[in-house]
Amino acid sequence: MKRVFSGVQPTGNLHLGNYLGAIKNWVAMQREYDCIYCIVDLHAITVPQDPAELTANTREVTAGLLAAGLDPKTCIIFNQSSVTGHAELAWILNCFTPLGWLNRMTQFKEKAGKRRENALLGLYAYPVLMAADILLYHASAVPVGEDQKQHLELSRDIAGAFNRAYDVAFFPLPEPMIFGAATRVMSLRDGRAKMSKSDGSDYARINLTDDADTLALKIKRAKTDSEPGLSFDPERRPEAANLLSIYAALAGEPVERIVAEHTGMGFAAFKGKLADLATATLGPIAQRMRELQADPGYIDGVLADGAERARAIADANLAEVRRIMGLLDA
């Protein structure tokens, strides 16, 4: 089976954008691919973290993945720092990565901003660690959003540089997996801004832990426009397009079909239907998340088992990297 690797930041407070943009697709993929899913806590520490919050967020994200339907017996779920091979391979790959390649990474420029000289090395070298995450398991495919495609291209470049240096075909060149409708879920308050945990208003997002009443209220208050009826026009009617995309993704239907089925319907009636659909889809996930979070020992056990299985793959590949490079194992 083709091996897929993907990671998620342990930021806590998972929302609908996380579910529709990544987690829902991960659940579907576990039946078709050899899937490895990682809570990337080493990536998280590129910015300051409160230790207790980092632990809690790692468990919360794991609970969300399990509640959404990931089966730890079918796929591997673990936290990145539990497998030291990620850090070891990242250092090795640093030695094959020209500064010019990293200087072109737009995310670093955006996050560092005008304080670039004070930015931490971890933030600058983040893409190399991402390459190590993928290449450590010889993943051939990686689900990515548009904002991560540049980093995946860098992973391919680094893999190629290593292979050429030793005249081997050791690292595969991973391919991106881009998904369709609602991979980019927008804010309920601004159809041109991405749904985000950092938004000041909780009404801008739907959290996976929201109860039915809260969820319905957020959808009812979602921003719309004054134009009658529903049409899918992201440029001219971004809020209407966002609600239609969310409905289509939750229903597993093309957005064109959703528009056709609701022609002539007003926003109020459509929001009611969307709230019912979202409650039916997300309600069981929220309930299961609460149950899992009440049992941190179970979550830790899932992560420990996943780390052991991931470590077996990582150690074998790292041993071969060392052999190819002439690094002596004492």
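Reader: Where is aspartate 167 found in this model?
Author: In this predicted model, aspartate 167 belongs to the loop that runs between H8 and strand E5 (175-177).

Reader: Why is aspartate 167 called exposed?
Author: Its relative accessible area is 72%. The term exposed applies over 50%, so aspartate 167 is exposed.

Reader: What is noted about the phi of aspartate 167?
Author: Phi of aspartate 167 is near 50°, which is a positive value in a residue other than glycine. Most residues other than glycine have a negative phi.

Reader: Which value of phi does histidine 138 have, and is it positive or negative?
Author: Phi of histidine 138 is near 55°, a positive value, and the residue is other than glycine. Histidine 138 is placed in the loop between H7 and strand E4 (141-143).

Reader: What makes histidine 138 count as partly exposed?
Author: Histidine 138 has 22% relative accessibility. Buried would require a value under 20%, and exposed a value over 50%.

Reader: Which residues does asparagine 317 contact, leaving aside its neighbours within four places in sequence?
Author: With those neighbours left aside, the contacts of asparagine 317 are Leu136, Tyr137, His138 and Phe170. Asparagine 317 itself is part of helix H13.

Reader: How do you know that asparagine 317 is buried?
Author: The relative accessible area of asparagine 317 is 15%. Buried means under 20%, and asparagine 317 is therefore buried.

Reader: How far is asparagine 317 from phenylalanine 171 in sequence and in space?
Author: Asparagine 317 and phenylalanine 171 are 146 residues apart in sequence, while their C-alpha atoms are 9.5 Å apart in space.

Reader: What makes H4 and H13 roughly parallel?
Author: The axes of H4 and H13 cross at roughly 25° and come within 11 Å. Angles under 35 degrees count as roughly parallel, so H4 is roughly parallel to H13. The crossing of the two helices is left-handed.

Reader: Which residues make the contact of H4 with H13?
Author: H4 contributes Gly85, Glu88, Leu89 and Ile92, and H13 contributes Leu318, Val321, Arg322 and Met325. Sorted by class, the contact of H4 with H13 has five nonpolar, one polar and two charged residues.

Reader: Which residues of helix H4 are buried?
Author: In helix H4 (residues 85-94), the buried residues are Gly85, His86, Leu89, Ala90, Ile92 and Leu93. They lie on the same side of H4, because the arc they cover around the axis is only 165°. An α-helix has 3.6 residues a turn, so residues three or four places apart point the same way. The buried residues of H4 pack against several elements, including strand E1 (3-8), helix H2 (41-44), strand E3 (76-79) and helix H13 (296-325).

Reader: Why are H3 and H13 called roughly perpendicular?
Author: Helix H3 (residues 51-68) packs on H13 at an angle of about 80°, and the axes are 10 Å apart. Angles of 65 to 115 degrees count as roughly perpendicular; H3 and H13 are therefore roughly perpendicular to each other. On the H3 side the contact is made by Thr58, Arg59, Thr62, Ala63 and Leu66; on the H13 side, by Pro296, Tyr298, Ile299, Asp300, Val302 and Leu303. The residues of the contact of H3 with H13 comprise seven nonpolar, two polar and two charged.

Reader: What makes histidine 43 count as buried?
Author: Histidine 43 has 3% relative accessibility, and buried means under 20%, so histidine 43 counts as buried. Histidine 43 sits in helix H2. Not counting residues up to four places away in sequence, histidine 43 touches Gln9, Gln80, Tyr126, Leu129, Met130 and Asp133.

Reader: How do you know that glutamine 30 is buried?
Author: Its relative accessible area is 7%. The cut-off for buried is under 20%, and glutamine 30 is therefore buried. Glutamine 30 lies in the loop between helix H1 (16-29) and strand E2 (34-39). Among the residues that glutamine 30 touches, with those up to four places away in sequence not counted, are Cys35, Tyr37, Leu70 and Cys75.

Definitions and conventions:
Residues numbered from 1 in each chain as written. Predicted model: local features only at pLDDT ≥ 70, side-chain atom pairs only at ≥ 80, totals over all residues. Heavy atoms only, no water. Buried < 20%, exposed > 50% of the residue type's maximum accessible area, 1.4 Å probe, protein only. Helix = DSSP H or I, 4+ residues; strand = E, 2+ residues; numbered from the N terminus. Arc of directions from axis to C-beta. Contact = heavy atoms within 4.5 Å. Axes fitted to C-alpha atoms, helices over the stretch in contact; angles between N-to-C directions. Parallel < 35°, antiparallel > 145°, perpendicular 65-115°, else oblique. Left-handed = near helix turned anticlockwise from the far one by under 90°. Nonpolar A, V, L, I, M, F, W, Y, C, P; charged D, E, K, R; others polar.
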